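Q: Let us read this structure together. Could you take me through it feature by feature?

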Amino acid sequence: MDLRVAYILATSKGGIPHYTAELANAIAKYINDVTVIKPKTTTADNMFSENVKVVNAFRPLNVSTTYAYRLRGIIRMLSINNLIGFFLSYKNASVLEEVNPDIVHITDSSPQALMLLYKFFKKRPVVITIHDSSKPIFILTKSLPLLIYSTFVSISNILALILLRKADKVITHTQRNKKELSEEWRVKPENIVTIPHGSYRYFQRKFKSNVNEEANCILFFGHIRALSKPLDPLVDAIPIIKKEIPNIKCIIAGSGVIPKRSYQIIEKNKPNFEVHNYFIPNEKVGEFFSRASLVVITNKHQKGHSGVLTIAYSFGKPVVTTNVGEFPTLVRDTSCGLIVPPDNPKALAEAIIKLLKDENLRKKMSKNALKMAGKLSWDNIAKMHIKVYEEVLDERKKRNKD
């Protein structure tokens, strides 16, 4: 297809770079001119195909609100300086003029990207993907540097909400997200398109491990967040599971702070835990998912789709997760796993025991997970996006004629 698409990737770490790479690679099979404008280094740099042009324009961000609060003194100030440098580097977005795309697609709602790219909104069509419909909040603190940081980010978020409404189309992953964007963020419903999150087959395809699945092995994968993705319920569940399944093995693989109480339980039950408390590189992801009998997601709330869930599906792994967000639809209703209330170690333990003891049920759910991975293939996701791009261009042409 004779079309030029430019993706703006604002985030250096986490799942957004992987999402952008998978989408750009899939789109490049149908569109002959695909460019990704991104930070100089990201966690997905080895994922882009040779059919995608990559422009390293922005400064990587090595600090977040959570991370900044853990730092002290001069180190904290250097981190804030990194943040400022990150924001300022978006002046390099002028490279868009050289790329001259027909469509600009911002793959996450980064406030600084939206603000600094606003001048392009009238020049050419803009599509924005919102992965999480949670509204930004202001954080009060006695620390002056962090107060400045929090204020700056909060103002940026408010401006981003305004600019979001100027986009030609806003893409979100679930009907619930669409409703929240319309009712709470005041985005016009006709400008919102729901496209599911693709299944991360990349890790299974490129880094599939030679290790086999281990009996009674469960996996907690991803960033540990006390407020949204806590580790405590799973750690509390292990001693309960241990009574029924003495050789239970819980792999914890991901960055974040392990709470002191959970750490003490892990230390008391060392044979039942394997902890990798750091950001997991791409080449190690396949190993952890291959070893697991099932995957556990302990989210307290879920405003968007879960990348961990799609990786689990690509490896054919049953999932035990919470009944929040779209998990009941994506997990329970598709018979890919079991759901339990959040912050309920006893219910979580019972669900894990049930799946580990019922091999036939696990196999059935494994087959269903692989089916879901196929349904959520990036090839299918790419076709949905191309349809959106075509609609946007048609609408722009009609407006220009009027």
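Q: How do the axes of helix 1 and helix 16 cross?
A: First, the ground rules. This is a predicted model, in which local features need pLDDT of at least 70, side-chain atom pairs count only at pLDDT 80 or more, and totals for chains, interfaces and linings use all residues. Residues are numbered from 1 along each chain as its sequence is written, and side-chain values use heavy atoms, leaving out hydrogens and water. The axes of helix 1 (residues 15-27) and helix 16 (residues 378-401) cross at roughly 75 degrees and come within 9 Å. That makes helix 1 roughly perpendicular to helix 16 (65 to 115 degrees).

Q: Which residues of helix 1 and helix 16 meet?
A: Contact means heavy atoms within 4.5 Å. From helix 1 come Y19, E22, L23, A26 and I27. They meet W378, D379, A382, H385, I386 and Y389 of helix 16. By class, this contact has eight nonpolar, one polar and two charged residues.

Q: In what order do the six strands form the open sheet?
A: Strands of a sheet pair through backbone hydrogen bonds, either parallel or antiparallel. Two strands pair if DSSP finds at least two bridges between them. Here the order is 10-9-8-11-12-13, with parallel pairing. Strand 10 (273-276) and strand 13 (337-340) are the edge strands, each pairing on one side only.

Q: How many bridges join strand 12 to strand 13?
A: Four bridges join strand 12 (residues 319-322) to strand 13. V319 stands opposite G337 in strand 13.

Q: Which strands does helix 14 lie across?
A: Helix 14 (residues 345-357) lies across strand 8 (217-221), strand 11 (294-297), strand 12 and strand 13. Helix 14 runs at about 165 degrees to strand 13.

Key:
Helix = DSSP H or I, 4+ residues; strand = E, 2+ residues; numbered from the N terminus. Axes fitted to C-alpha atoms, helices over the stretch in contact; angles between N-to-C directions. Parallel < 35°, antiparallel > 145°, perpendicular 65-115°, else oblique. Nonpolar A, V, L, I, M, F, W, Y, C, P; charged D, E, K, R; others polar.
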